[in-house]
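Please open the model in your viewer and keep the selection panel at hand. The stops below proceed from one selection to the next.

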Amino acid sequence: MMGTTVSTNLGLIKPDSDESIKANMPTFAGWAAQNTINMDKIDALFRATTATYTLNWTADTTSPTLGAGGFTEGKFVRLWPRMVIGFYRINIGGAGATAGSGTYRFNLPVAPATEMTLTDDAVPIGRALFTDSSAVVSSSVFLASYRPSTGNMFFRAPSGAAFSDTLPVALGQNDTLSGYFIYPTAAP
Amino acid sequence: MVLSLVTPIGSNFIKDFPSQNAVNCNIIDAYAGPYAIQTYTPLLTAVTTNPVLGSTGTITGFYYSIFDQIYTWGEFKFNGTGSNKGAGTYIVTLPFKAKTVFPPSGFSGEGPILGSGMTYQVSSAVGRQPITVQLQTANTMMFNIKADSGFGSRAVSGTDIPFAWANGDGVKWTARYQRDPT
């Protein structure tokens, strides 16, 4: 009896003794092709890709506006098949900056796994540093959380308040935010 | 971690190859782990008196394994009749035993930090505070929160830290660590 079995997780092909010595034929892939499939699956497992993404800064009510010299940036590493590690930075900028209103939202580069859902609509995914350019004492370390209902990331200050135009302090020109996130993605 | 893959050589290469290839495939397969997100049921206890989540209280855990790295998240929440906050530092089980290159500790701030999370107080945003996740033993984690005063940290516990626990309150966490295969 000739045939193959496959491994549980990756589906790697395991030909039996007869199957392994069969040549490639029009109707049968043969071991050479089967081995190629295995190698490609293993190779894909160890892929790591890096990329930049456009970090969008919005808010529940009115989106804020970056001022002169302000910028947002995001970079991430994807460890295949399902892990994402990202870094981001925001500089509010100077003249023309507006704080908007409501809890701030930030997009993620790749959709998190659908299982990233806990009650109360918040799943911790990282940390961030908020720097108040006008008062060092108001600077703070935030908890970064994923909100499944909006598909966005938001932040909580140690006070428990969600990061917004007024909390934990009124946002000012040239304030900055930088942080990281780690989460599993949906199945590739 | 060493995979110890088999390398067939010599005159018996063709004869031995199928079984050796199967061994290699299974080793790589086990190391890679499942693509799917897995669930587990964490166990919540406390150092002094174990808490009771209540008739409709919940505790949920998920994990994703990439090679021997475990990414886990979850939450517990008190609710319903019979809930009791217990007393002492809260302790929650991990999905798998962790390597203890850095020794775990039951003292707040002494063990390795695996991740972050938050306490969740349903009645007030003031109780939704960031926490760190600490390896308490090779199989369990505990949670640290900034002290109300001073510069230290303290453990989240049933003894009203950081607040008097009530129905609807709980803890959410995310942690990452290296699995100990033993």
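**First stop: where the chains meet**

Select the contact, which takes 37 residues from chain A and 36 residues from chain B; two residues are in contact if their C-beta atoms, placed from the backbone, lie within 7 Å. This is a predicted model, in which local features need pLDDT of at least 70 and side-chain atom pairs count only at pLDDT 80 or more, while totals for chains, interfaces and linings use all residues. Residues are numbered from 1 along each chain as its sequence is written, and chains are lettered from A and ligands numbered from 1 in the order in which they are written.

On the side of chain A that touches chain B, select strand 2 (13-15), helix 1 (17-20), helix 2 (30-45), strand 8 (123-131) and strand 11 (176-184) of chain A, the elements that give two or more residues. Helices (H or I, at least four residues) and strands (E, at least two) are DSSP runs, numbered from the N terminus. Strand 8 of chain A gives the most to this side, with four residues.

**Second stop: chain B**

Now select chain B and colour by secondary structure: there are one helix and ten strands, in the order α-β-β-β-β-β-β-β-β-β-β along the sequence. The radius of gyration of chain B (over C-alpha atoms) is 21 Å, well over the 16 Å that the globule rule gives for 182 residues, so chain B is more spread out than a compact globule; the rule is 2.2 Å times the number of residues to the power 0.38. Its C-alpha trace spans about 75 × 35 × 25 Å along the principal axes.

Finally, select domain 1 (1-32) and domain 2 (38-178) of chain B, with bounds from an automatic or database domain assignment. Their C-alpha centres lie 42 Å apart.
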